[in-house]
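Look at the fold below and pick out its helices. The text after it goes through a few of them in turn.

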Amino acid sequence: MIQAASDGATDLDAAIVKGAEAIGGHVAAARAAIGQVIYGQDQVVDRALLTVLCGGHALLVGVPGLAKTKLVEALGTVLGLDARRVQFTPDLMPSDILGSEVLEEDDHGRRSFRFVSGPIFAQLLMADEINRASPRTQSALLQAMQEYHVTVAGHRYDLPRPFHVLATQNPLEQEGTYPLPEAQLDRFLMQIDVGYPDRDAERRILLATTGAEEAKPRAAMSADDLLSAQRLVRRLPVGESVVEAILDLVRSARPETAEKGFADKIAWGPGPRASQSLMLAVRARALLDGRFAPSIDDVAALADPVLKHRMALTFSARADGDTLDGLIGKLVERLG
């Protein structure tokens, strides 16, 4: 019996290795294809790919003009997904996203309602400038992002798989923006901050985008390849030390369980969904780097994008000049 169990484990390990090698080639090709049209944002591209490999949703935060929208468009093409875009505006309504029922009359005079699906029925939904719409409209995505179906007029409609929401957001200090509800923020696996490119990257952007021809992304994967990769991510083994590091980090970011000196700085902290997101993200990072298991270094590298939108500082901490990035960095240092 012991020998049989051992053989079964060996077969499983061999299957994971074989699958990781095959998927790794697809992912590397996708990363290279995106890099041909998005310059100077390697970390942003990697984190966006990680999010999709995990089967999750991402929030891209940055000022206008940093290729956030172009990145999402490139992801849709490179990953072979049916992608649609919604431009969020103050007058956008939930039905503009989900769809609505229309009354129709047939040739015999009989009337009935027919559901007309909205743009959310796609494999990749780009929610452009999501924080320019009211919280009422933003909440239209809540059920879809967590349960992968929507309910309209009491009827359930399943969304296609895979299904991902990649939302872009302007900094909140800009005019005409609404903060996202905490419940919706928690449904984003990662917040990806998009900064300005360095001088060399910006020079490349100038030369590549103002000529007669501009590079176009090409498909490197299919939706089926992506689904296979997402299943593989969940099968990658995770060592006990990595599990403990995730638990230590997330629990140390909650005011109820944080150590002295940190608890009074945290207004509210991440819930269990943060632990789940971090567990998936470190596995996907290992796969993206060609490794078969994550390490504590992966936890440290992904702590900031996974946690920062799931917690808030107290007023006194902000008054003292503390930032979420700095606080998370100190918590990561305590992982040893």
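The model is predicted, so local features need pLDDT of at least 70 and side-chain atom pairs count only at pLDDT 80 or more, while totals for chains, interfaces and linings use all residues. Residues are numbered from 1 along each chain as its sequence is written, and side-chain values use heavy atoms, with hydrogens and water left out.

Start with helix H11, residues 272-288. Helices here are DSSP runs (H or I, at least four residues), numbered from the N terminus. The 17 residues of H11 should span 24 Å at 1.5 Å a residue, and its end C-alpha atoms are 24 Å apart, which agrees. The expected span is 1.5 Å times one less than the number of residues. Just after H11, Gly-290 takes a positive phi of about 80 degrees.

Two packed helices are described by the angle between their axes and the distance between the axes. Axes are lines fitted to C-alpha atoms, for helices over the stretch in contact, and angles run from 0 to 180 degrees between N-to-C directions.

Helix H10 (residues 240-252) packs against H11 at an angle of about 140 degrees, with the axes 10 Å apart. That makes H10 oblique to H11; angles under 35 degrees count as roughly parallel, over 145 as roughly antiparallel, 65 to 115 as roughly perpendicular and the rest as oblique. In this contact (heavy atoms within 4.5 Å), Val-242, Val-243, Ile-246, Leu-249 and Val-250 of H10 meet Ala-274, Ser-275, Leu-278, Met-279 and Val-282 of H11. The contact residues divide into nine nonpolar, one polar and no charged. Nonpolar covers Ala, Val, Leu, Ile, Met, Phe, Trp, Tyr, Cys and Pro, charged covers Asp, Glu, Lys and Arg, and the others, Gly among them, are polar.

Helix H2 (residues 42-53) also packs with H11, at an angle of about 115 degrees and with the axes 9 Å apart. Here Asp-46, Leu-49, Leu-50 and Leu-53 of H2 touch Ala-281, Ala-284, Arg-285 and Leu-288 of H11. This contact has six nonpolar, no polar and two charged residues.

Glu-202 lies in helix H8 (residues 199-209). At 44% relative accessibility, Glu-202 counts as partly exposed. Glu-202 and Tyr-39 are 163 residues apart in sequence and 7.7 Å apart in space, C-alpha to C-alpha.

Note on methods. Helix = DSSP H or I, 4+ residues; strand = E, 2+ residues; numbered from the N terminus. Buried < 20%, exposed > 50% of the residue type's maximum accessible area, 1.4 Å probe, protein only.
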